[in-house]
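Please keep the sequence and the structure in view while reading.

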Amino acid sequence: MNIRPTPYDHPDAVKLNDAVQLEYVARYGDEGDATPLDAGMFVPPLGLYLLAYDSEDRPVATGGWRTQDENDEGYSDGDAELKRMYVAPEARGLGLARRILAALEADARAAGRTRMVLETGTAQPEAIALYTSSGYEPCAKFGHYREYENSRCFAKSLVASDED
């Protein structure tokens, strides 16, 4: 597997974004994730978007982070928000989500972000398991879906501790 930075509006990223939106529709029975996003949000050093490609150079996984600071949607100064984590069904179980997550955390830390935050939902137990097993803890709700009952928000400090 080859993980590489890719613009959010690249055709391969659009293809996987369309796939994750269909998965959200199937799981939640709505229109998918309506959070406003644009390619500029993922341009370093304000963010990063990654795609994983298989041995035949097919896009099979994605994830990104974007800068967030204190605002009326509940973010805090120094936040990096995880967005569009997705692994295509044929590539699940290979550790790609964990690899992308670690790369995004490292990049956000290098960009001076102090906390990685994410929002997921109760219909995505695999995502919740990934994040909690990666050190994420429940936090106050934020973002576009903060008023929704099935929304779950998590955070992880990106600041190195004395134990690291």
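R66 and E81 are joined by a salt bridge, with their closest N and O atoms 2.8 Å apart; the term denotes a side-chain nitrogen of Lys or Arg within 4 Å of a carboxyl oxygen of Asp or Glu. Because R66 belongs to strand β3 (residues 59-68) and E81 to strand β4 (residues 79-87), the pair ties together parts that are 15 residues apart in sequence. Helices (H or I, at least four residues) and strands (E, at least two) are DSSP runs, numbered from the N terminus. R66 and E81 are both buried, where buried means under 20% relative accessible area, exposed over 50%, and partly exposed in between (1.4 Å probe, protein chains only).

## Basis of the model

The model is predicted: local features need pLDDT of at least 70, side-chain atom pairs count only at pLDDT 80 or more, and totals for chains, interfaces and linings use all residues. Residues are numbered from 1 along each chain as its sequence is written, and side-chain values use heavy atoms, with hydrogens and water left out.

## Other salt bridges

The structure holds twelve salt bridges. One of them joins the side chains of E23 and R27, at 2.8 Å from N to O. These two residues lie four residues apart in helix α1 (residues 11-28), about one turn of the helix. E23 counts as buried, at 19% relative accessibility, whereas R27 is partly exposed, with a relative accessible area of 28%. Salt bridges that share partners join E23 and R27 with R92 and E126 in one network.

A further salt bridge connects the side chains of D54 and R58, at 2.7 Å from N to O. D54 is buried, with a relative accessible area of 13%, while R58 counts as partly exposed at 45% relative accessibility.

## Cysteines

How many disulfides does a search of the whole structure find? The search finds zero, a disulfide being a pair of cysteine sulfur atoms within 2.5 Å. C139 is in no disulfide, and its nearest cysteine sulfur, that of C153, is 5.4 Å away. C139 counts as partly exposed, at 22% relative accessibility, and C153 is buried, with a relative accessible area of 4%.

## Pocket and cavity

The largest pocket contains about 830 Å³ of space. On a 1 Å grid over the protein atoms alone, a cavity is a set of points where a 1.4 Å probe fits but cannot get out; a pocket is an open set with protein on both sides within 12 Å along at least five of seven lines, and lining residues have an atom within 4 Å of a point. Grid points are joined across faces, edges and corners, and a volume is the space filled by probe spheres set on the points. Of the 35 residues lining the largest pocket, Y24, M85, T120, Q124 and A127 are the closest to its centre. Strand β4 gives the most to this lining, with six residues. At least two lining residues come from each of α1, β4, α2 (96-110), β5 (115-121) and α3 (125-133).

One cavity of 30 Å³ or more is found in the whole structure. The largest cavity holds about 50 Å³ of space, and its lining consists of T35, Y75, E81, K83, E119, F142, G143, H144 and Y145.

## Aromatic pairs

Six aromatic pairs are found in the structure. Rings of Phe, Tyr and Trp (its six-membered ring) pair if their centres lie within 6.5 Å; planes under 30 degrees apart count as stacked, over 60 as edge-to-face and the rest as tilted. The ring centres of F42 and Y49 are 5.2 Å apart and the planes stand at 65 degrees, so this pair is edge-to-face.

## Backbone features

The peptide bond from P44 to P45 is cis, with omega near 5 degrees. P45 lies in the loop between α1 and β2 (47-53).

D57, although not a glycine, has a positive phi of about 60 degrees. This residue lies in the loop between β2 and β3 and is partly exposed, with a relative accessible area of 46%. R84 has a positive phi near 55 degrees and is likewise a residue other than glycine. R84 lies in strand β4 and counts as buried, at 4% relative accessibility.
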